[in-house]
There are 2 protein chains.
Amino acid sequence: MRVRVLGSAAGGGFPQWNCACPNCRAVRAGAEGYTARTQASLAVSGDGQNWYLLNISPDIRAQLEAAPELQPASSRASPIAGAIFINGDLDACLGALCLRESTPLNFYTTETIQRGLTSKNQFFRTLQRFEGHVTWRALKLNERIALALPRGGESGLDVEAISVGGKVPVHLVGIETDDPRQNIGLLVRARGTDQALGFFPSVAGPSPELEGAIARTQCCFFDGTFWAEDELPALGLGERTAREMAHWPLSGEAGSLAWLRRSMPGRRLLIHINNTNPILYDKSPERQQVLAAGVEVAHDGMELRL
Amino acid sequence: MRVRVLGSAAGGGFPQWNCACPNCRAVRAGAEGYTARTQASLAVSGDGQNWYLLNISPDIRAQLEAAPELQPASSRASPIAGAIFINGDLDACLGALCLRESTPLNFYTTETIQRGLTSKNQFFRTLQRFEGHVTWRALKLNERIALALPRGGESGLDVEAISVGGKVPVHLVGIETDDPRQNIGLLVRARGTDQALGFFPSVAGPSPELEGAIARTQCCFFDGTFWAEDELPALGLGERTAREMAHWPLSGEAGSLAWLRRSMPGRRLLIHINNTNPILYDKSPERQQVLAAGVEVAHDGMELRL
């Protein structure tokens with residue numbers, strides 16, 4: 001399996017358009033040790049020819065133009081077969097509407113997430129330009145299914161959805177209810193193999209289900225949104241804590257970093273990193289703690305082979 | 001008035017993600033004479049402090065990070081006061097959802113265009129995070145109104161909407177009907193002055209209204225989408241002609257280039273240029289015809305003062 005990190009930042013990217021926190025100021029100024037990041041997404045391929053996107057962020061155009069293997073060899077014949085969405089947050093799915101120009105695609109997600117996206121957003125009619133333009137396929141929790149190619153045949157990959165808790169997106173509060181199928185992590189495997197790639201960019205907290213799933217990955221991208229529980233309030237950038245936003249902060253004894261170190265033997269990479277997180281600075285003590293725990297920090301353009 | 005070209009391409013940008021036409025192949029290969037372009041949008045300011053966006057394209061994040069004057073001096077205090085939308089096409093408005101992180105904004109458009117955007121797309125609830133987050137203000141055709149600042153006060157600019165014909169966006173076909181208020185051009189003026197900046201990136205064809213409006217501009221950005229009426233079918237990239245897509249092609253005796261040369265004395269710049277248009281190549285005969293007509297080709301990052 002080939003994996004490319006298309007983007008590694010949380011919603012808003014790094015820097016974020018209306019933010020002048022110390023990190024955003026430093027990366028805009030080109031300070032050493034700071035690297036700009038687009039919003040979190042991976043591309044995965046089982047055969048090196050056909051690619052599935054894990055989330056489609058609003059930055060998809062720039063992400064694809066930075067990745068030659070994701071560009072078309074002939075017009076309308078994109079190597080992109082489709083996408084899998086882990087929730088209905090705009091940073092996870094808005095870019096789907098940027099891939100509207102007449103290439104057939106398969107989109108996989110839970111029925112709950114799909115309903116939140118398509119049933120009340122007529123923008124999605126732009127993905128129904130012809131029979132077979134975008135085909136939605138339902139993921140059920142804890143069920144491993146093959147990822148098909150939109151023009152027929154198999155991608156050589158399969159996917160399994162794991163519930164990771166979490167809240168409905170801000171724009172669905174009062175319309176949809178919190179539900180285990182509103183926010184998932186993914187296990188992606190080459191057909192016939194047991195060791196998985198994990199994609200868990202949005203995790204509300206620990207659970208036996210999560211622990212069981214992570215143990216089956218040989219490489220896992222994990223929620224690196226916030227360093228501290230009170231990261232935003234401490235910077236005067238909002239009132240909500242990390243857990244109130246359904247993100248498990250990295251630091252502390254009950255943090256995800258200590259848990260990752262204990263629970264997971266394979267390669268671990270942080271992704272979906274918020275612009276306020278001190279690990280964005282290469283030389284910060286927090287970054288050193290991450291590295292000392294044997295955990296990596298994903299960056300845009302990173303490539304892996306499993 | 002200060003003007004910055006944030007993007008100059010038509011929907012999909014240049015190159016377009018699933019296109020391998022000769023232009024897209026050349027720009028990806030870094031060939032001399034080809035310049036990448038993001039999707040069409042301008043930023044305008046009357047005071048050099050507060051900026052209005054004309055359209056918010058899906059490329060807005062990258063466009064703002066390339067423009068220091070549009071970046072915040074302190075957190076959540078963006079110099080962006082709001083936006084004006086010329087139609088409901090996704091390349092004109094999808095980026096609005098990327099500016100959701102708690103900065104008050106004023107959005108101006110016709111009630112018809114606003115209804116197509118907000119009434120059936122619950123994504124827009126993400127712009128209602130607090131009282132006064134995004135305030136929609138209605139434009140009426142041929143009525144000059146002041147652009148207010150979202151925190152109070154005046155921007156020093158006013159705007160007037162001109163009907164330019166056109167069709168409803170693809171995703172609204174069968175839901176909304178073609179209507180003069182579905183697709184507009186803009187005259188933007190510094191308060192108390194008569195000479196306007198024109199923004200007409202999507203024009204179905206000539207009309208007395210259009211001619212009257214253009215005559216009042218000292219500088220006008222105009223629809224440069226297609227060179228030829230049969231540009232897409234000739235490349236095997238679809239069946240629709242330029243006029244069927246409500247864009248007036250540049251070439252020929254009945255084309256917009258000859259009309260611009262005849263009708264408009266001021267500075268004229270083509271914008272919203274489709275990836276298939278031969279004028280994208282600096283050395284093409286078509287580009288030479290544009291220049292010989294006294295018309296410029298807008299590019300990303302271009303700055304003007306009126």
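This is a predicted model: local features need pLDDT of at least 70, side-chain atom pairs count only at pLDDT 80 or more; totals for chains, interfaces and linings use all residues.
**View 1. How chain B sits relative to chain A.** Turn chain B by 180 degrees, shift it 0.0 Å along the axis, and it lands on chain A with an RMSD of 0.0 Å. The two copies are thus related as by a two-fold rotation axis.

**View 2. The surface the two chains share.** Here we're looking at the contact itself, to which chain B brings 57 residues and chain A brings 57 residues. Of chain B's interface residues, 100% are also interface residues in chain A, so the copies meet through the same surface. About 4900 Å² is buried between chain B and chain A, with carbon and sulfur atoms giving 55% of that area. On the chain B side, the residues that lose the most area to chain A are W17(B), R61(B) and F123(B), which together make up 21% of what that side buries.

**View 3. A salt bridge from D59(A) to R61(B).** Zooming in, we find the side chains of D59(A) and R61(B) joined in a salt bridge, at 3.3 Å from N to O. Across the interface of chain B and chain A there are 4 salt bridges.

**View 4. Polar contacts and the make-up of chain B's side.** Between chain B and chain A, 26 residue pairs are in polar contact, counting pairs with both residues at pLDDT 80 or more. Three helices of chain B each put at least two residues into the side that touches chain A: helix 2 (60-65), helix 3 (90-93) and helix 4 (111-118). Sort that side of chain B by class and you get 27 nonpolar, 18 polar and 12 charged residues.

**View 5. The open sheet of chain B.** Now over to a sheet of 7 strands in chain B, open and with mixed pairing, in the order 7-8-9-10-11-12-13. Its edges are strand 7 (144-148) and strand 13 (296-297) of chain B, each pairing on one side only.

**View 6. Strands 8 and 9 of chain B, side by side.** Within chain B, strand 8 (residues 154-163) runs antiparallel to strand 9 (residues 184-190), and the two pair over 7 bridges. To get your bearings, find V159(B), which stands opposite V188(B) in strand 9 of chain B.

Note on methods: Residues are numbered from 1 along each chain as its sequence is written. Chains are lettered from A and ligands numbered from 1 in the order in which they are written. Side-chain values use heavy atoms; hydrogens and water are left out. Copies are superposed by least squares on the C-alpha atoms of residues with pLDDT of at least 70 in both. Contact means heavy atoms within 4.5 Å. Buried area is the accessible area (1.4 Å probe) that two parts lose on being put together, summed over both. A polar contact is a pair of N or O atoms within 3.5 Å; within protein, one must be able to donate a hydrogen and the other to accept it, and residues adjacent in sequence count only if both atoms are side-chain atoms. Helices (H or I, at least four residues) and strands (E, at least two) are DSSP runs, numbered from the N terminus. Ala, Val, Leu, Ile, Met, Phe, Trp, Tyr, Cys and Pro count as nonpolar, Asp, Glu, Lys and Arg as charged, and the others, Gly among them, as polar. Two strands pair if DSSP finds at least two bridges between them.
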